[in-house]
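Please read the sequence and the structure shown here side by side. The paragraphs after them go through a few parts in turn.

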Amino acid sequence: MAMAALRREGKRIAVPLISPNPINPLRSTLASSQEQTPFGVRSISTQIVRNRMKSVRNIQKITKAMKMVAASKLRAIQTKAENSRGLWQPFTALLGDTPSKLLIFIVYWVKGNRTHLKAVGSSSQLPHVEKFETSNITSKCYLPLSHSVGPRDYFLFVICGYADVHSLSGAFVAFQLENWSYQCAIICPLGVDVKKNVIVTISSDKGLCGGINSTSVKTSRGLYKLNSGPEKECKYVVLGEKAKAQLVRDSKKNIQLTLTELQKNPLNYTQVAVLADDILKNVEYDALRIVFNKFQSVVSFVPTVSTVLSPEVVEREAEAGGTLGELDSYEIEGGETKSEVLQNLTEFQFSCVMFNAVMENACSEQGARMSAMDSSSRNAGDMLDRLTLTYNRTRQASITTELIEIISGASALEG
Amino acid sequence: MLRQGSRCLLSRASAASMKWRRPLSTDLPAETAGDSKFVEAWKKLNPNQDPPKTPSSYMKPRPPTPSTIPSKLTVNLVLPYDSVLSGKEVDMVIVPATTGQMGVLPGHVATIAELKPGILSVHEGNEVNKYFLSGGFAFVHANSVADIIAIEATPVDRIDPNLVQKGLAEFQQRLNSASTDVEKAEAQIGVDVHSALNAALTG
């Protein structure tokens, strides 16, 4: 019965406050305040609501200040980031963008004593179809393709059975076919032509910056899935505490290197060059994929991946033709050998791309923090309004009950 | 059923590949073809996530190689903190390659040149702008676009000769007293840069 009375009291006070947002914590605090006062005393303590209002007001002030700080930091770093945008463009113009090269291998296998490996080309450039027969299936079957395998070519072979793809290099594809029987086709998309991928994830050290670190980590994980497979390995290099915390949970053994506290001193090229040098020295790679958030505007940050290929892969691709085919037509000036110049080029490209990536990520971090703090202070303002209404109602209700008691007592005495 | 499947794959693939030819890196639509493969592969593995963008989507496409030699050379000089020249049409540039000063005119053969500290001069009509470069790379493309990427580039008239002399003396002293290879290399780099600065001021 006491509970029913309390509930009725609670409802009378809370009814005008029915809003889409649940205010159960508020009601529970009010209910508890009623329980705490001894039964019979009608004045509900407004102290609790006042305390809550004070703390929400402080939070609002703090988040407003953080927003201002983030805005000023953003202004400072935004011009630098925009100026650094020209840095990676010449490299992309020269070497192209190589997120992945897709080669679908589907090998036809007819049952019987002979294996027919029929290379069915899809591009009009494929000169002729190679048919290869062998009676001994356990031996390795080499299928020399007279057309060199490039990034834009599809060679369709349907694999029926089990096939171990041994190597893919330029014009040769080697298969070892184990099983005879005619089974359903397994389409193996051989993702990339690089064996060792290193994903460099750039994130912030401090939190309260919205979802950008999570998006970077999700993108890195996606790239990891894309680039993992037989004979391929994929490692992480993590910059920043937040991504480290997230990646350590499930990919601890794949993280090769972590670097934190990048933003202790203002970012400049020398620092990033040293960082890039560090990474290049300690990590074996065929392709480096740098994941960061590109700053498009104060409210929009786009996850981007930039690829830097190692000099050996660049040479190989240039010889094989394709995206980097025209690289061979470029004269090399300086240095003793072409590979030396290519190595310097790769290192320089990596440091330039890293510099831009780190700056863009820092901008995105400040922008995201600005918007997060802005929405937080707005939310705190809303909460404060609701609390003020509750406070006033509580206060007025206690005054009313006191008056009722006095008046009813007085009228009881008279009449 | 299997043969049908491969045939329809074949037809789809051949239809798609009919448009492809060996692309130039200066040709943007070919880039998007490569990117679309990436996007497809991504969508297969991560259907709920948008694929990340790649740098070429943020770049303006480069002009294709013209059939005749153009009259002007387009120069882009970029530094980490600024683009000093972007898309400027000039008559000639002279870059300080490691093999010596290299002049680049419109229609120059495609080149990748490693640069050493030295003077870059940009000739346009009668005016010549000289910048002292700290080193970097220069790419000359077949479509008469020259990209010069350096770490620092200052106009020659902003260099203080006294500081150059002081620096040169200091680094030479350090070179003489250097003990480890690393120190020697650093001192040698300092000497090289300062002597190049000296030459830039006098020459």
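This is a predicted model: local features need pLDDT of at least 70, side-chain atom pairs count only at pLDDT 80 or more; totals for chains, interfaces and linings use all residues.

A salt bridge is a side-chain nitrogen of Lys or Arg within 4 Å of a carboxyl oxygen of Asp or Glu. Side chains of opposite charge can pair when their charged atoms come close. B:Glu170 has a relative accessible area of 38% and is partly exposed. B:Arg174 is also partly exposed, at 42% relative accessibility.

Over all chains, the rule gives 13 salt bridges. One of them joins the side chains of A:Arg85 and A:Glu360, at 2.6 Å from N to O. A:Arg85 is in the loop between α3 (47-83) and α4 (89-95) of chain A, while A:Glu360 is in helix α9 (residues 338-414) of chain A, so the pair ties together parts that are 275 residues apart in sequence. A:Glu360 has a relative accessible area of 0% and is therefore buried. Elsewhere in chain A, salt bridges link A:Lys67, A:Asp374 and A:Arg378 in a network.

A further salt bridge pairs A:Glu261 with A:Lys264, whose closest N and O atoms are 3.3 Å apart. A:Lys264 is exposed, since its relative accessible area is 65%. A:Glu261, at 47% relative accessibility, counts as partly exposed. The loop that holds A:Glu261 runs between β14 (255-259) and α7 (269-282) of chain A.

The backbone of A:Glu261 is also worth a look. Most residues other than glycine have a negative phi, and most peptide bonds are trans. A:Glu261 is not a glycine, yet its phi is positive, at about 60 degrees. A:Leu208 is another non-glycine residue with a positive phi of about 60 degrees. A:Leu208 sits in the loop between β12 (196-202) and α5 (212-226) of chain A. With a relative accessible area of 53%, A:Leu208 is exposed.

Now turn to chain B as a whole. Its secondary structure consists of 4 helices and 10 strands. Along the sequence of chain B, the order is α-α-β-β-β-β-β-β-β-β-β-β-α-α. Of the 203 residues in chain B, 44% are buried. Among contacts in chain B between residues at least 6 apart in sequence, 49% link residues at least 24 apart.

Two residues in the strands of chain B can be compared by their surroundings. B:Asp147 is part of strand β9 (residues 145-150) of chain B. Its relative accessibility is 0%, so B:Asp147 counts as buried. The side chain of B:Asp147 is in polar contact with the side chain of B:His141, at 2.9 Å. Beyond neighbours within four places in sequence, the residues in contact with B:Asp147 include A:Pro90 of the other chain, along with B:Arg62, B:Asn76 and B:Phe137.

B:Val128 is in strand β7 (residues 127-133) of chain B. At 39% relative accessibility, B:Val128 counts as partly exposed. Not counting residues up to four places away in sequence, B:Val128 touches B:Ser121, B:Val122 and B:His123. B:Val128 and B:Val93 are 35 residues apart in sequence, and their C-alpha atoms are 9.3 Å apart in space.

How is chain B divided into domains? Domain 1 covers 62-156 and domain 2 covers 159-202. The C-alpha centres of these two domains of chain B are 26 Å apart. In the interface, 6 residues of domain 1 of chain B contact 6 residues of domain 2 of chain B. The size of an interface is often given as the accessible area lost when the parts come together. Domain 1 and domain 2 of chain B bury about 490 Å² between them, with 78% of it on carbon and sulfur atoms. B:Pro117, B:Phe132 and B:Val156 supply 79% of the area that domain 1 of chain B buries against domain 2 of chain B, more than any other three residues. The side of domain 1 of chain B that touches domain 2 of chain B has 5 nonpolar, 1 polar and no charged residues. Across this interface of chain B the rule finds 0 salt bridges, and it finds 1 residue pair in polar contact, both at pLDDT 80 or more.

Note on methods: Residues are numbered from 1 along each chain as its sequence is written. Chains are lettered from A and ligands numbered from 1 in the order in which they are written. Side-chain values use heavy atoms; hydrogens and water are left out. Buried means under 20% relative accessible area, exposed over 50%, partly exposed in between (1.4 Å probe, protein chains only). A polar contact is a pair of N or O atoms within 3.5 Å; within protein, one must be able to donate a hydrogen and the other to accept it, and residues adjacent in sequence count only if both atoms are side-chain atoms. Contact means heavy atoms within 4.5 Å. Domain bounds come from an automatic or database domain assignment. Buried area is the accessible area (1.4 Å probe) that two parts lose on being put together, summed over both. Ala, Val, Leu, Ile, Met, Phe, Trp, Tyr, Cys and Pro count as nonpolar, Asp, Glu, Lys and Arg as charged, and the others, Gly among them, as polar.
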